[in-house]
Amino acid sequence: MAAPGSRGRSLSGLLPAQTSLEYALLDAVTQQEKDSLVYQYLQKVDGWEQDLSVPEFPEGLEWLNTEEPISVYKDLCGKIVILDFFTYCCINCIHLLPDLHALEHTYSDKDGLLIIGVHSAKFPNEKVLDNIKSAVLRYNITHPVVNDADASLWQELEVSCWPTLVILGPRGNMLFSLIGEGHKDKLFLYTSIALKYYKDRGQIRDDKIGIKLYKDSLPPSPLLFPGKVTVDQVTNRLVIADTGHHRILVVWKNGQIQYSIGGPNPGRKDGIFSESTFNSPQGVAIMNNIIYVADTENHLIRKIDLEAERVSTVAGIGIQGTDKEGGAKGEQQPISSPWDVVFGTSGSEVQRGDILWIAMAGTHQIWALLLDSGKLPKKNELTKGTCLRFAGSGNEENRNNAYPHKAGFAQPSGLSLASEDPWSCLFVADSESSTVRTVSLKDGAVKHLVGGERDPMNLFAFGDVDGVGINAKLQHPLGVTWDKKRNLLYVADSYNHKIKVVDPKTKNCTTLAGTGDTNNVTSSSFTESTFNEPGGLCIGENGQLLYVADTNNHQIKIMDLETKMVSVLPIFRSENAVVDGPFLVEKQKTLPKLPKSAPSIRLSPVAVCAGQTLQFQLRLDLPSGSKLTEGVPSCWFLRAEGNEWLLQGQMPSGDIENISSQPTISLQIPDDCLSLEAIVSVSVFLYYCSADSSACMMKAILFSQPLQITDTQQGCIAPVELRVGVGK
């Protein structure tokens, strides 16, 4: 179908009619009145002599999550279409995604609705398809996305703001536009009435659009878009925000996992480790076996107690807040997209870590959470638990000011503390202004360090230039860390794919590592090393090592500041082989055929609910004096025949390396359950030899565990023991 004649293609053509509608909606009291007003508006717009038609997608554009490129006038006829003009760095665009996800859960393409993301980049780095692919995966975008790298559609429609939604009718005719975030009610109202209006006229088609999700083509990975990393200087451990897996990892310095908390699916639940969930966590800070987490997409600050093995919420209410002042107790204070956290100290001279500083990306501010009663610079005594704004007006700006509340930030995403004189400041990676700034711990004054430019309203002063102060250029930096030993600041210059170093005394900024190429080099010198949108970094080993969350390479990289070499931290579990790197995953084991003689043990049914974790503890005994056969790995397999959905994202097999330390097998029940009854089977294969090694044997056992999945919260589930004596 050819595009019909149009009466001009810019969004301004909708403005007079839609403005009148929105004024009328302000006076409407009941839902019926609102529905009627929108229906009448559509009658008016649909009756125009010529449609206000959207231009066709230009040929040659790159598409994601589709089987083939989509045409407005061939594929989308008979659909209500929402075009989401976005750029993946933009916090406002990220805030809009839950509204779109909710809409997609309410209406499908069979109902006549389709959402298309039109990626219109702000930064040059965001024009690269591979980087958009990473963002699509990171934010779980499942609708089609087109890379409009030259912003041709943006310009033709005269879009002026990220995000902008344009709602189209079944002829490609523009019906509504919504600018910015926070319009969920209008989005649902306009969409539902548009679907009803055009269904009443028989113009909605229920044919499906060919969707092919990019995420389905990826192999598994031990880490997925790790956003931040920090060091526990006391216990020789690292804490990693495994953002894409929605979990927090505590690992030893050799990469062995000690705790895995949350994941693999997003959620918002406090409690014991096996049941707690997060949603795209970012910043982490650890002290005295307590971890604080910026649980970004839950809009929460969470507390992980490693001794009690429990997770709790200490700030936020679980929905995005708009308050730019704060002052309430943490768990009653709405907050917005916290991106990083770091410990600080209140007015007393004793270094006690009683303040948690928060980079509040969603409101473009720096906040504080009082972990104990104390004072902030130039403030009265505050009680424990108070959560409030410290610096930033809330306007998205690159504005420095001696008065902290008059300064402006633009999506602050990384924090580091230099408490000692003469620095006595917070360093801030201010991503959207492409700058690094300082906030004085004495009076709150906000000052420029490197990057950006002098005009506080210009958020497009980015580049990749080594230099001094304002002459240095960065591109969307997401992380900073202070090297107290050398008095230097390291910067994750994320969209330049580099690690840079800043001398705060001279304001000199130079490249330390990274060629700017994103091809993954796992071991190299600083000058030959590569990164892909590194999001966080921290200093360890008394200033010898720099740990980098190499986000889009799905790795933690180790930079040795003395030898100038870069290596990859292997991430592995004690009961499994080392998994080194992003996609070098141990080859999936094939389930051997069970011998006819293998005993089959049916266990008592267990009641579980969505989100819970069921644990199976192997308790297998060998004959006296026997030992596992060396070189022939004994193993276990998890299966759910006919209910394979239960095992998506789970670990389906593993080795049994030591009979005296047998593994625990975990199964997390998915949030979306397709059946209320299922049977999970655990097959165990043991290869063992007699005491004198004169005979070697194999023994197989099949355990069957019936599950009854309910809507009722079951509380803590005791581990299921898989106990049997072998060869007895």
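**The second largest pocket**

Analyst: Val231, Gln233, Val342, Phe343 and Leu417 lie nearest the centre of the second largest pocket, which is lined by 40 residues. The elements giving two or more residues to this lining are strands S7 (228-232), S12 (284-287), S17 (338-344), S23 (412-418), S28 (479-483) and S33 (536-540). Strands (E, at least two residues) and helices (H or I, at least four) are DSSP runs, numbered from the N terminus. On a 1 Å grid over the protein atoms alone, a pocket is an open set of points where a 1.4 Å probe fits, with protein on both sides within 12 Å along at least five of seven lines, and lining residues have an atom within 4 Å of a point.

The model is predicted: local features need pLDDT of at least 70 and side-chain atom pairs pLDDT 80 or more, while totals for chains, interfaces and linings use all residues. Residues are numbered from 1 along each chain as its sequence is written, and side-chain values use heavy atoms, without hydrogens and water.

The pocket has a volume of about 1100 Å³, the space filled by probe spheres set on grid points joined across faces, edges and corners. Its lining divides into 17 nonpolar, 15 polar and 8 charged residues. Here Ala, Val, Leu, Ile, Met, Phe, Trp, Tyr, Cys and Pro count as nonpolar, Asp, Glu, Lys and Arg as charged, and the others, Gly among them, as polar.

Strand S28 also takes part in an aromatic pair, one of 17 in the structure. Phe427 and Trp482 are stacked, with 5.2 Å centre to centre and 25° between the planes. Rings of Phe, Tyr and Trp (its six-membered ring) pair if their centres lie within 6.5 Å, and planes under 30 degrees apart count as stacked, over 60 as edge-to-face and the rest as tilted. Phe427 lies in strand S24 (residues 425-430) and Trp482 in S28, 55 residues apart, linking distant parts of the chain. Both Phe427 and Trp482 are buried, meaning under 20% relative accessible area with a 1.4 Å probe and protein chains only; exposed is over 50%, and partly exposed is in between.

The loop between S23 and S24 contains Pro422. A cis peptide bond joins Asp421 to Pro422, with omega about 5°.
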